[in-house]
Amino acid sequence: MILRGVAQVVFQPNPWVGLVFLVALFVGGWRFGVFGLLGTVTATLTAHLLGVSWSDRVALGLEGFSGTLIGVGLALYFDVSWLTVLLVIFGAVAGSVLTSALNVLLMPYKLSALTAPFCVITTVMVVGGSSFSRVWARQVSTAAPSATAPGTGMSWDHLWRGTFSGIGQVFLQGQWYVGLIFLAGLVLAGWRVGLVALVSSLTGLITGWVLGAQAADLGAGLYGYNSVLTGVALFGTFVVATPVSAGYALVGAVAAAGLTAGISNLFAVAGGHTLTWPFVLVTWTFLAAVPMFSRIARA
Amino acid sequence: MILRGVAQVVFQPNPWVGLVFLVALFVGGWRFGVFGLLGTVTATLTAHLLGVSWSDRVALGLEGFSGTLIGVGLALYFDVSWLTVLLVIFGAVAGSVLTSALNVLLMPYKLSALTAPFCVITTVMVVGGSSFSRVWARQVSTAAPSATAPGTGMSWDHLWRGTFSGIGQVFLQGQWYVGLIFLAGLVLAGWRVGLVALVSSLTGLITGWVLGAQAADLGAGLYGYNSVLTGVALFGTFVVATPVSAGYALVGAVAAAGLTAGISNLFAVAGGHTLTWPFVLVTWTFLAAVPMFSRIARA
Amino acid sequence: MILRGVAQVVFQPNPWVGLVFLVALFVGGWRFGVFGLLGTVTATLTAHLLGVSWSDRVALGLEGFSGTLIGVGLALYFDVSWLTVLLVIFGAVAGSVLTSALNVLLMPYKLSALTAPFCVITTVMVVGGSSFSRVWARQVSTAAPSATAPGTGMSWDHLWRGTFSGIGQVFLQGQWYVGLIFLAGLVLAGWRVGLVALVSSLTGLITGWVLGAQAADLGAGLYGYNSVLTGVALFGTFVVATPVSAGYALVGAVAAAGLTAGISNLFAVAGGHTLTWPFVLVTWTFLAAVPMFSRIARA
């Protein structure tokens, strides 16, 4: 259920999909693979030790995926060190408690925590890190690509790379070929999942382009990954796939890409990162609204 | 139900009231009228197409008013352009989904979304706009009046203009005579509604004055409009009107005016605007608390 | 029930404990005692006049403790003046309404408002205060101790003083001997409560130390007080005390100390203070999660 945990980042309970994702993480950098695994194992173990239901949640990998992302995120934003190992372990433990808390709070609305625990824990650690000399010293510069290559002129290169990178950025990976391996994992989960992810990534990229975002950021997939998660969540995963819900998911994917800029600016003030906040907020909103709409149904 | 949508900004289901409000918007500037209408129509249509109950919500204008304000807000903060038209349409669609989501989430507490969808969508668009070259280029400078005329010395002029402007600012309109037309609309809805709005506007202004706010901001009604909405909501609309609830609404109106400064400063950091956030937060709080109080009853 | 209100800051319904706490406040400074009492009386009276249940809440002091902290907080962050008296009275009234609102909203999850009303009201007043010439003029400089004595070298002095101050900082009091009197009050409530508070304070301090926080801030108890409240809340108060829940409370105390830095940095941007936000957020999370855990039980 560790591999399932990795696969659940994109709502897939298939361990083989998780294996492909894990390979992609190691291709992105060994530390992403190692810290991602550490987070997944820690979170899953914490949930099991505290007595979370095995058959309903732990065995399906539902207690692992926030830990995966916490591990990958801290490996990206902090240096590789024993203190970071400690932070990942503690973050995954706290993320596991937060997952249960959010699931209890959202249960009346039949919503789930999504990747919110990852977003909360990582944001808190990155924002808080600057107060702590031992943590701060290890913070890695992670400026947006547009900081070194400003400009809004899109090239064909930005377009196709950005579309694949948009899938890789779901795991905070910016190289297009890493994104391609993730896409392979999604196709393994089902050709429709792969297609929805690809179209959603492109939708996010085009949304950013129409609004006039920086081309280098578009090319790194920064406007795509929240759209990927939102698109997959709203079309076929949590909402029954119909022509109406396709339009609904498309609006959601556009909203997630637009929200990306708002969240980035908000967090820039406090030294934070966008993470998957736009996906979480848009998907909660679009799922919560469904009961009011007679033409859309929850899966 | 389009005119009803405009009227519902101040909780009135009367289309004639909406017509007077619409006239006031056009007097404030043709773009406020046109974009306000565009937002109302788009939001109402979205709700209808997604299958929101016609008799319970759409026909009463309850699906339109957030769209009205989104249209007026974007017309104020962005330039008049085709991109702004696109932003208003998309914002109204997203605002419509958010309205349904909030209504589902708040249903267990018998609260409604109020103007929160307008606040969220407009804040996100204005804060996020600076990342997008095409949007940013069109942002209009909307500094507070006190930026050009600092000082806390109140004149009689500030007092009476601010009281009327406080009603106009519910629709983000700063001229006193536009506020006067809105007041006429409220009196048409019922003399008590008009009186409550007038007293609430004055309450907000006096609260700001006692605390030592900038006179030019008071004169532009910036401390009044949240008190107007809060006062009308808490006295006679969602709470049964009694002497005790009059005091309760008065405390609410004072709190909304006080909160205005807190929210303004918080958003100033990220380049946002106060909008009707203070009204939303205070009114949710004061309505949610009612079940604990044996001496106050929900309408 | 006024003394009970003071005691309820640390979840104790015993009036004698409240008396000891009140003595400690007066030792910290007469204005803390006087404004704390003013806040407690105002909040309790407001709740009673609005008709909150006497036997379930008012008589137990549950409607007073947020008022206590609002009074102490405003006495610390603003000057002693008639305007501050007015702000405390209004703040306690608004805090009382917010207490009821949060209790209604959290009731389905069997959570309570904790000190959130104090956090919200005080944050809003301090952040908003800068807009108001009369309020702003009276703001007192309250920079962290590390501003004048930077450095991360811990001494034995920092350690023992910080442990006692961590208990005093629950009431925003930084002297170690004031913390000692509060500890005496907690021991009066029960030797276990006192022991948990002491261990939690030390836990918070050590967490900050491991992460490399400023020694002067550690010595002033700034990393301890949220851990104290979290530890006492999660071990024996709201959660049944068992070996597993001891570990759970320990993780909570560590999380509260870590979160302290995140919240401080977030609020530093807007000119706010950390207050007991970390305790509130961590304790809500850890209590909300309990139903998912078969090995932990709510008290």
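Author: Let's go to where chain B meets chain C: in this predicted model, 32 residues of chain B touch 30 residues of chain C. Putting the two together buries about 2500 Å², and carbon and sulfur atoms give 74% of that area. Which residues of chain B lose the most area to chain C? They are Tyr109(B), Leu211(B) and Met292(B), and together they make up 27% of what the chain B side buries.

Next, the kinds of contact. How many salt bridges are there between chain B and chain C? The count is 0. Polar contacts do turn up, with 5 residue pairs counted between chain B and chain C, both partners at pLDDT 80 or more.

Now trace the helices on the chain B side. Helix 11 (191-211), helix 14 (243-270) and helix 15 (277-289) of chain B each bring at least two residues to the side that touches chain C. Helix 14 of chain B gives the most, with 12 residues.

How do the two copies sit relative to each other? In general, two copies of a chain are related by a rotation about an axis and a shift along it. Do the copies meet through the same or different surfaces? Only 6% of the interface residues of chain B are also interface residues in chain C, so the surfaces are different.

Chain A can be laid on chain B by a turn of 120 degrees and a shift of 0.0 Å along the axis, with an RMSD of 0.0 Å. That is how a three-fold axis relates copies. Of the contact residues of chain A, 6% recur in chain B, and the copies use different surfaces.

In numbers, this contact takes 32 residues from chain A and 30 from chain B. The buried area is about 2500 Å², with 74% of it from carbon and sulfur atoms. On the chain A side, the residues losing the most area to chain B are Tyr109(A), Leu211(A) and Met292(A), together 27% of what that side buries. Between chain A and chain B the rule finds 0 salt bridges, while 5 residue pairs are in polar contact, both at pLDDT 80 or more.

Keep an eye on the helix labels when you look at chain A. Helix 10 (191-211), helix 13 (243-270) and helix 14 (277-288) of chain A each supply at least two residues of the side touching chain B. The largest share, 12 residues, comes from helix 13 of chain A. By class, that side of chain A divides into 23 nonpolar, 8 polar and 1 charged.

One last bit of context comes from a record. An unreviewed UniProt entry places the feature "transmembrane region" at several stretches of chain A, including residues 58-78, 222-241, 248-269 and 275-293. In the model, residues 58-78 of chain A are 62% helix and 0% strand, with end C-alpha atoms 28 Å apart. Residues 222-241 of chain A are 65% helix and 0% strand, and their end C-alpha atoms lie 26 Å apart.

Technical notes: Residues numbered from 1 in each chain as written. Chains lettered and ligands numbered in written order. Predicted model: local features only at pLDDT ≥ 70, side-chain atom pairs only at ≥ 80, totals over all residues. Heavy atoms only, no water. UniProt positions renumbered as here; feature names shortened; annotations may be inferred. Helix = DSSP H or I, 4+ residues; strand = E, 2+ residues; numbered from the N terminus. Least-squares fit on C-alpha atoms with pLDDT ≥ 70 in both. Contact = heavy atoms within 4.5 Å. Buried area = accessible area lost by both parts, 1.4 Å probe. Salt bridge = Lys/Arg side-chain N within 4 Å of Asp/Glu carboxyl O. Polar contact = N/O pair within 3.5 Å; in protein donor to acceptor, adjacent residues only side chain to side chain. Nonpolar A, V, L, I, M, F, W, Y, C, P; charged D, E, K, R; others polar.
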